[in-house]
Protein chains: 4
Amino acid sequence: MSYTDYLVKNLGKANVVSPLKQGASIDRPVYKFVEDNERILYDASLDHFNHCKETGEVPISFEKAGPKENIFFEPAKTKVAIVTCGGLCPGVNNVIRSLVNQLHYRYGINRILGIRYGYEGLVSKYNHPVIEMTSRMVRDIHLSGGTFLGTSRGHQDVSEMVDTLEILNVNILFCIGGDGTLRGAHAIHEEIAKRNLKIAVAGIPKTIDNDIDLIQKSFGFETAFSIANDIIRNAHNEAFSANNGVALVKLMGRDSGFIAASAALAIQEVNFVLIPEISFELHGPKGFMNVLRKRLDDRHHAVIVVAEGAGQDLFESSETELDASGNIKHKDIGLFLKEKIKEEFNSIGIPYTIKYIDPSYIIRSAPANPNDSKFCNLLAQNAVHAALSGKTDFVVGYWNDGFTLLPISMAVAKRKKIDVKGELWWNVLEATGQPISMKNS
Amino acid sequence: MSYTDYLVKNLGKANVVSPLKQGASIDRPVYKFVEDNERILYDASLDHFNHCKETGEVPISFEKAGPKENIFFEPAKTKVAIVTCGGLCPGVNNVIRSLVNQLHYRYGINRILGIRYGYEGLVSKYNHPVIEMTSRMVRDIHLSGGTFLGTSRGHQDVSEMVDTLEILNVNILFCIGGDGTLRGAHAIHEEIAKRNLKIAVAGIPKTIDNDIDLIQKSFGFETAFSIANDIIRNAHNEAFSANNGVALVKLMGRDSGFIAASAALAIQEVNFVLIPEISFELHGPKGFMNVLRKRLDDRHHAVIVVAEGAGQDLFESSETELDASGNIKHKDIGLFLKEKIKEEFNSIGIPYTIKYIDPSYIIRSAPANPNDSKFCNLLAQNAVHAALSGKTDFVVGYWNDGFTLLPISMAVAKRKKIDVKGELWWNVLEATGQPISMKNS
Amino acid sequence: MSYTDYLVKNLGKANVVSPLKQGASIDRPVYKFVEDNERILYDASLDHFNHCKETGEVPISFEKAGPKENIFFEPAKTKVAIVTCGGLCPGVNNVIRSLVNQLHYRYGINRILGIRYGYEGLVSKYNHPVIEMTSRMVRDIHLSGGTFLGTSRGHQDVSEMVDTLEILNVNILFCIGGDGTLRGAHAIHEEIAKRNLKIAVAGIPKTIDNDIDLIQKSFGFETAFSIANDIIRNAHNEAFSANNGVALVKLMGRDSGFIAASAALAIQEVNFVLIPEISFELHGPKGFMNVLRKRLDDRHHAVIVVAEGAGQDLFESSETELDASGNIKHKDIGLFLKEKIKEEFNSIGIPYTIKYIDPSYIIRSAPANPNDSKFCNLLAQNAVHAALSGKTDFVVGYWNDGFTLLPISMAVAKRKKIDVKGELWWNVLEATGQPISMKNS
Amino acid sequence: MSYTDYLVKNLGKANVVSPLKQGASIDRPVYKFVEDNERILYDASLDHFNHCKETGEVPISFEKAGPKENIFFEPAKTKVAIVTCGGLCPGVNNVIRSLVNQLHYRYGINRILGIRYGYEGLVSKYNHPVIEMTSRMVRDIHLSGGTFLGTSRGHQDVSEMVDTLEILNVNILFCIGGDGTLRGAHAIHEEIAKRNLKIAVAGIPKTIDNDIDLIQKSFGFETAFSIANDIIRNAHNEAFSANNGVALVKLMGRDSGFIAASAALAIQEVNFVLIPEISFELHGPKGFMNVLRKRLDDRHHAVIVVAEGAGQDLFESSETELDASGNIKHKDIGLFLKEKIKEEFNSIGIPYTIKYIDPSYIIRSAPANPNDSKFCNLLAQNAVHAALSGKTDFVVGYWNDGFTLLPISMAVAKRKKIDVKGELWWNVLEATGQPISMKNS
């Protein structure tokens with residue numbers, strides 16, 4: 001049960017004329033509404049085109065997002081709920097605000113509920129009241145980071161959540177969240193389908209790490225590496241101001257190093273980027289310590305950026321710990337490296353200072369920058385278009401510069417990672433001058 | 001004479017092993033150098049794929065940028081010049097700095113000349129000295145807007161400029177500039193070709209308006225609309241703080257309204273976006289004045305963003321004036337609208353205040369934000385790769401999320417404009433709530 | 001009738017125990033409430049001390065602000081109104097928010113009215129509704145510039161305004177505004193006194209120009225010159241990037257050049273600061289044009305900052321125009337200088353470019369920076385302390401690093417100007433290197 | 001040997017006409033140079049005036065800084081050195097840049113040496129080369145935080161440092177640094193005096209904590225609490241977004257809580273400010289844990305700011321550790337509190353989340369904001385005036401809004417702390433609503 005057309009294929013038709021259409025008229029330029037079969041190619045290379053043409057292979061493609069001429073839900077009778085889950089990410093409030101404004105001003109929907117503290121708000125034992133949301137209420141929320149609705153981690157009982165949606169008479173549920181949240185949204189959809197309910201479930205993927213597969217960029221990611229850029233600039237000041245000054249900055253990136261890589265490409269003052277995708281050794285002639293020492297001999301200062309998921313194989317094995325959302329808890333590679341560098345340089349007796357910087361929550365709780373704000377607004381607009389037109393069990397994506405719709409199950413199937421033979425990483429190698437490999441064999 | 005392979009087809013071969021290759025080795029992950037025939041599709045829709053497949057039509061595509069395994073110029077013998085022309089744009093100094101660093105650190109080129117004050121610096125009568133550039137010299141220049149090399153507008157004698165390149169023994173000329181500059185670069189290339197010289201000409205397109213055709217985004221554009229976002233936020237404060245307060249902000253956009261549209265999508269506080277692509281009437285029932293008045297009746301404040309090239313048909317016809325670069329000088333639509341609004345509201349006698357804001361040079365002279373900085377660095381890296389590999393008469397572009405190389409003549413053939421039936425503009429209409437048309441018939 | 005103790009001397013006693021006192025107890029450190037006779041010296045020089053000691057002269061001093069042990073108004077019965085008038089200034093919303101929070105959380109006052117659109121809101125014909133204000137309502141308003149309550153310029157009928165205060169049962173009126181507003185507040189107080197009403201009138205002086213006499217700094221001023229600092233930085237980029245580039249920035253400063261001078265001291269890239277306090281000539285050997293030309297000959301770029309009130313004597317005399325608040329309308333010295341520089345350099349035929357930058361409303365509508373936010377909060381806290389303790393017809397000032405209370409009439413008697421023989425101006429001369437005088441005789 | 005007039009009293013006269021004077025002339029406004037006996041009162045209260053007048057007590061006062069008509073050192077023969085020591089602080093590069101520019105442009109001094117890596121640079125064994133500084137070299141350094149000259153901690157041999165000054169023919173040494181640095185500067189002066197050398201030692205006090213006694217504010221402090229303001233704003237977003245969300249921010253403040261207090265007054269979102277000046281208990285009815293719990297019961301989120309030196313008495317006693325500068329190493333109160341809060345809330349079993357934020361080096365390595373930049377420039381200008389006029393063994397201070405000169409020994413005699421019965425702290429109590437005391441008895 002994982003295709004976005006579930007509702008229109010099984011429970012009705014998209015035969016309500018979109019209120020957006022009423023703004024257009026014969027004598028004026030009219031937007032070409034998106035047709036159901038419009039799709040965007042996954043691979044935009046000419047080679048792939050030729051390959052498909054020759055082999056007859058059907059190229060992978062994504063459903064194109066956008067307003068539809070006819071919609072499924074009748075606005076006057078539609079009730080909507082919005083929920084935000086998981087860790088903070090810049091832009092969540094922009095998404096909430098744009099959902100409310102788009103629903104209210106463009107589709108004329110006035111019954112919009114805010115679910116408090118994530119999926120907890122759909123479960124009665126937590127006793128979190130719902131909020132009746134208005135455009136006035138969300139007027140300034142995008143000026144702050146965080147989430148106006150509150151958030152929580154962890155799973156809740158799916159059946160009870162769907163009970164709540166039924167009790168509240170909700171027709172569309174917008175879920176803003178990461179991997180786990182989206183899996184939860186998919187489970188909610190499946191329960192809804194089992195009960196034959198006319199409820200759409202729309203996902204807006206949130207991952208500050210930019211690691212959702214098949215989605216080119218996620219909201220908040222640019223804001224994140226932009227703030228990281230400024231922090232690294234200051235870290236560089238620390239390194240430069242000391243004799244053999246080492247600045248070590250730990251950035252987000254549990255499974256992928258996109259923030260670390262992008263920040264390094266923006267600031268161009270980073271000498272080493274360590275990411276989860278590439279393992280490295282500390283010791284030996286090609287090991288990190290040796291390379292770092294050469295850098296100091298040469299330039300007397302060094303800036304290291306390490307993604308939180310990097311170097312996990314350097315820790316001695318032990319049982320894996322999980323957090324409330326079921327993510328693997330990482331060992332702290334930042335503190336570990338700091339200690340190892342101190343050990344090394346103390347033992348060889350060269351003067352140095354090391355400054356360790358862990359911006360942690362400073363980044364994720366910031367408000368979105370203007371480009372992310374724009375992106376959040378467009379994500380929300382497209383999520384509303386899709387849900388109103390009867391799409392369900394989908395996330396709004398972005399690919400080859402167009403907004404797309406993906407089945408949730410496709411988006412969460414695996415994580416996006418940096419291709420270490422690809423352009424982005426090569427650019428990082430050029431920008432840092434670090435060795436391709438810091439392994440001895 | 002307009003294909004980027006001119007040098008390798010006519011004057012030699014790319015048979016120097018790239019210094020980038022020497023960093024790789026058998027036992028380590030190696031970047032897949034870009035092959036000569038790699039291309040990126042212009043149209044990534046499935047419809048177009050099917051159309052081409054059925055009709056046998058060859059889809060339009062762009063050369064893919066990136067490092068080549070074998071290059072044309074031998075680094076130790078190569079001398080490079082960099083010139084910046086035309087109006088300021090955030091990120092010019094980032095491009096300069098990255099060109100220098102990429103040439104020096106990655107390709108080992110040490111003879112890099114800075115040409116002062118645009119093409120003037122290649123003409124002896126202006127007497128501007130060239131600068132011998134080093135990595136140390138450009139260390140902090142990206143922290144400031146403007147151009148470290150200086151700039152000028154206007155054409156110079158092509159023959160004399162090529163004479164200068166010959167005298168200076170320059171092998172590669174990097175030209176950072178807009179339309180006019182790129183046309184100049186193409187003319188320089190043609191003169192070089194006529195003389196059979198082994199000189200590559202590389203263009204890095206600069207247009208704050210984001211209006212170069214076939215290029216998805218240009219550097220500085222995001223910084224521009226981000227600053228505009230903050231200015232509009234304050235303009236909204238002005239409007240909101242007065243009874244029937246009107247804030248009118250004029251933004252850049254000579255021929256296209258991308259900055260105005262993007263800023264409006266980011267800030268979501270704009271009620272009217274007026275762009276060159278859509279003409280509008282001031283008076284009559286559907287005219288702008290009437291719509292503005294309804295907005296004030298309803299909400300008591302309004303924010304208007306007008307691109308400088310909008311509404312030019314509202315001026316009584318007169319001779320067209322050109323600036324030193326040959327661009328058409330626009331009448332000031334901002335001041336015009338301000339006066340017209342005052343006339344209108346004074347005549348109908350409703351209380352109001354109007355605040356006119358023309359940020360002008362404040363935006364274009366700012367330093368690049370982190371995402372633009374990253375983009376500038378990647379543009380520069382790719383420009384260096386391409387020029388070293390013997391490409392000439394090209395610009396570095398960006399399309400469907402990849403860096404591309406375009407013949408200059410293709411990039412300057414026409415200007416990119418907002419598709420008024422397309423997604424971007426439709427999103428603006430949704431975000432502002434303004435009518436699709438402000439014409440009476 | 002101009003002393004701040006009018007109420008306690010004529011209409012009652014400050015015999016209500018301050019709620020602030022109830023927080024303290026015998027066993028804990030207790031704040032020393034401010035005594036009625038505590039005062040801060042106007043002149044803190046030892047010379048003046050000796051002079052007064054010798055002559056017996058009583059030194060000028062200001063009443064010290066702060067919480068009083070006993071207050072005049074009984075919180076449970078007190079109703080408060082807040083009004084904001086005149087042009088925008090960074091920090092108005094911080095003042096509003098802190099007034100509301102201090103009244104509510106510290107003094108337990110729950111009836112707080114917001115008067116809309118300045119003094120207009122106290123006059124029935126405008127028909128602006130009052131707002132019942134709560135802490136929740138003002139939670140985020142300080143994140144935006146402007147004024148949450150709206151503002152207007154111009155005088156209103158004093159008698160009718162006092163009628164309105166009576167009808168609304170207001171006990172304390174907080175007026176946030178400049179010169180004209182404070183004169184209005186004083187007139188309101190006099191009418192109140194004539195009617196023997198127990199209503200306190202508290203002024204919080206607002207002047208972005210920092211030109212209120214006997215007050216060391218006014219809120220919003222630092223934010224203003226900080227934003228100006230960034231704009232000048234970019235202007236410098238414009239100037240530096242052109243051959244003989246001249247950047248001309250017009251800043252606020254109707255009668256005094258504090259913003260221009262402070263911005264120049266912060267940025268240290270300004271070559272000429274032109275202020276209302278010093279007249280200058282354009283022509284002749286020592287005139288501005290000649291000095292500017294020398295600067296260009298020497299350094300090839302120049303940055304000029306001109307306060308809007310500078311050089312008014314350069315305009316040919318004509319009738320004086322006044323704005324709605326009764327302020328003299330200045331001729332536009334910025335545009336005038338731009339034209340004059342063009343005339344001059346065109347006539348002598350040297351290459352140059354001039355960029356004119358008028359940030360106008362961009363500065364005054366910005367939110368307050370953190371230091372101004374802190375200052376606004378302390379102003380508001382002190383205004384509440386003073387008004388609750390029965391002070392009236394006062395403004396909150398700041399002098400020798402302490403908050404003070406001044407009779408309104410003293411604060412508006414004349415404007416503060418830069419002492420052109422004093423330290424501040426001398427520092428500007430050192431920072432710019434400009435001549436002490438640009439007059440020929 | 002601790003008065004600033006040591007040189008002019010013992011080794012010569014200030015009889016060189018200041019180059020600043022030559023700019024003035026009879027027919028133009030002339031700055032009133034500062035006279036030797038001008039002083040600024042320590043206590044500007046009227047009470048103190050009256051007390052001194054009655055008792056005949058001489059009020060404490062500070063020497064006024066500023067340019068002197070006649071100076072001690074002949075610019076053409078004067079060689080200057082600049083050294084920066086200790087931890088980073090926003091504005092160090094502004095001070096360096098302004099020293100160089102003031103010395104060069106205003107006094108015509110061209111021999112300016114930069115000493116690298118603090119006092120180490122004056123000791124031969126470290127082998128740090130000196131830098132010959134020019135205005136061009138320092139043009140952009142203020143755009144970055146850190147110190148262009150590099151810094152180090154710790155004492156060096158005084159005699160050898162003075163040897164180096166003699167060898168280098170230095171006449172004036174500018175020392176930018178904190179407590180320890182200034183003590184070192186005083187020791188250098190004493191050695192100079194012992195040797196009868198004509199070398200002035202000028203101190204520019206650097207303390208991000210704003211804790212130098214008898215100095216109203218120190219450079220970088222405002223920038224520090226402004227950045228802290230933004231970090232706390234985001235921390236508030238974290239707290240607000242979770243059910244019973246607690247955000248705990250550790251800020252600088254080894255011995256005094258000025259940064260924590262000022263940030264709390266600026267942001268007005270802090271619920272608890274914990275500072276070194278006030279001890280508190282964790283447990284018991286009035287203890288911190290109980291008060292925090294009440295706050296959560298009431299509002300469901302809480303923001304705590306703790307200065308690094310707070311609550312040191314909560315640690316079990318052990319030997320005191322010192323860092324390289326001899327400062328006491330504090331136990332980490334931030335991590336300690338975080339653990340204690342977790343223990344407490346886990347044990348009582350209420351749902352909560354805690355986010356711990358330690359911005360550490362992010363703040364101190366930032367560039368100065370505009371107001372601090374202005375302040376740095378004025379400090380440097382005054383330091384140059386004083387040193388050129390023959391003052392030595394002094395620091396430049398700031399008191400009652402004027403720049404002052406203090407003997408180093410007076411400035412380092414003790415640390416400035418928050419007066420817990422004074423206005424600043426009372427304002428914090430009002431802004432936070434926290435109890436006056438969190439002790440049980």
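This report describes chain A as a whole, its two domains, its contact with chain B, and one residue of chain B.

## About the model

The structure is a predicted model, in which local features need pLDDT of at least 70 and side-chain atom pairs count only at pLDDT 80 or more, while totals for chains, interfaces and linings use all residues. Residues are numbered from 1 along each chain as its sequence is written, and chains are lettered from A and ligands numbered from 1 in the order in which they are written.

## Chain A as a whole

The secondary structure of chain A comes to 14 helices and 15 strands, where helices (H or I, at least four residues) and strands (E, at least two) are DSSP runs numbered from the N terminus. Its C-alpha trace spans about 75 × 60 × 40 Å along the principal axes.

Of the 441 residues of chain A, 60% count as buried, a residue being buried if 20 or more other C-beta atoms lie within 10 Å of its own, exposed if 12 or fewer, and partly exposed in between, with C-beta atoms placed from the backbone.

## Two domains in chain A

The domain assignment, whose bounds come from an automatic or database source, gives chain A a domain 1 (6–218 + 366–411) and a domain 2 (221–363 + 420–432). The centres of these domains, taken over C-alpha atoms, are separated by 36 Å. Their contact takes 17 residues from domain 1 and 18 residues from domain 2, two residues being in contact if their C-beta atoms, placed from the backbone, lie within 7 Å.

## Where chain B meets chain A

The contact between the chains takes 53 residues from chain B and 53 residues from chain A. Helix 12 of chain B gives the most to the side of chain B that touches chain A, with seven residues. The residues on this side divide into 20 nonpolar, 20 polar and 13 charged, where Ala, Val, Leu, Ile, Met, Phe, Trp, Tyr, Cys and Pro count as nonpolar, Asp, Glu, Lys and Arg as charged, and the others, Gly among them, as polar.

## A closer look at B:Glu277

B:Glu277 has its place in the loop between strand 11 (272–274) and helix 9 (288–299) of chain B. B:Glu277 counts as partly exposed because 19 other C-beta atoms lie within 10 Å. Leaving aside neighbours within four places in sequence, B:Glu277 is in contact with B:Ser256, B:Gly257, B:Lys417, B:Ile418 and B:Val420.
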